Amino acid sequence: MIPGIIIGVVVLLILIFGIKIVPQATEFVIERLGKYKKTWSAGIHFLIPIIDRISKRVTLKEQYLDSPPQPVITKDNVTMQIDTVVFFKVFDSNLFTYGAVNPISALENLTATTLRNIVGELELDDTLTSRDTINGKMTEILDSATDQWGIKVNRVELKNIIPPAEIQNAMEKQMKAERDRRETLLEAEGHKAAVITRAQGDKQAMVLQAEGERDARIARAEGEAKAILLAKQAEADGLRALKDAGADYSVLELKKFEALIAMSNGIASKIIVPTDAVNMTKSNVLFSETTGLGDVTPSAKKPPEEPKKDVCCD
């Protein structure tokens, strides 16, 4: 009876301690008698006590390694403090367990040496402006080197790049000078734009003024031309009326003479008389003297006749 109870208790203990549950995103590395046996994935498993043991519990989640700042010398002999963050995950629990004594520490040291090698080939300015390039190179190198440890490096990020204090002061002065230069350039461009705009405005104003004066002169010239045209048309109409009325040459000559009188108009001025007008005047004088027409000069009075003597009365 007692041996059966003992056997039952032993079996119960074996069942209690032999049943193992592996959580999600976790793997157990199992050794049997000190030798790798298998890798358990998530789920329920049975472990033989004393013979089998769990060598290592490995998480398959993505992990990160935050390295402290470390001194790195650039190609132009500037010492800077740079800290990095490495994001990785385990893809093979067997290699992760037996590939290196301490794979996390090995990854940390490999990150430091790789960073020194890459930054040592760059100058200060290139280091400050080539974060993406450095991150890409480090990811490629670390991922290739850690395959034998069962580690997959997803990406590497440079957190901080801290140059020496004197370099920081020089960089701040350079940045201030660059900002001052940009400010001066912007002010000059603004002044230039204002001058150009003002000149264009003055040009447009002058063009508009010239166009206005031109239009005014054209309007005045058109008015004068129209007035002259109307005067000529009136004169032509008058001559046409005279012609239609059957005026002879003497009437026309008389009209010329009247026009000459109208030109003088009683104003003391010099009048240049054309030759045909002089001839006309002479003809009119001769005509007046001959016919007595148009002669306004009063005729001389005849002397009074002496009274005849009356013979009969004397």
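Figure 1. Asp76 has a relative accessibility of 34%, so it counts as partly exposed.

**Figure 2. Thr127 in helix α4.** Thr127 belongs to helix α4, which spans residues 124-129. Its relative accessible area is 0%, so Thr127 is classed as buried. Leaving aside residues up to four places away in sequence, Thr127 touches Thr74, Met80, Val119, Leu122, Ile134 and Ile161.

**Figure 3. Ile50 in a loop between strands.** Ile50 lies between β4 (43-46) and β5 (52-59), in the loop. Ile50 counts as exposed because its relative accessibility is 87%; the cut-off for this class is over 50%. Gly18 is 32 residues away from Ile50 along the chain. The C-alpha atoms of Ile50 and Gly18 are 9.7 Å apart.

**Figure 4. The whole protein, for orientation.** The predicted fold contains 8 helices and 9 strands. The chain has 314 residues, and 21% of them count as buried. Among contacts with a separation of 6 or more, 62% join residues 24 or more positions apart. The protein exposes about 23,100 Å².

Definitions and conventions:
Residues numbered from 1 in each chain as written. Predicted model: local features only at pLDDT ≥ 70, side-chain atom pairs only at ≥ 80, totals over all residues. Heavy atoms only, no water. Buried < 20%, exposed > 50% of the residue type's maximum accessible area, 1.4 Å probe, protein only. Helix = DSSP H or I, 4+ residues; strand = E, 2+ residues; numbered from the N terminus. Contact = heavy atoms within 4.5 Å. Areas by Shrake-Rupley, 256 points an atom, 1.4 Å probe, with all protein chains shown as cover.
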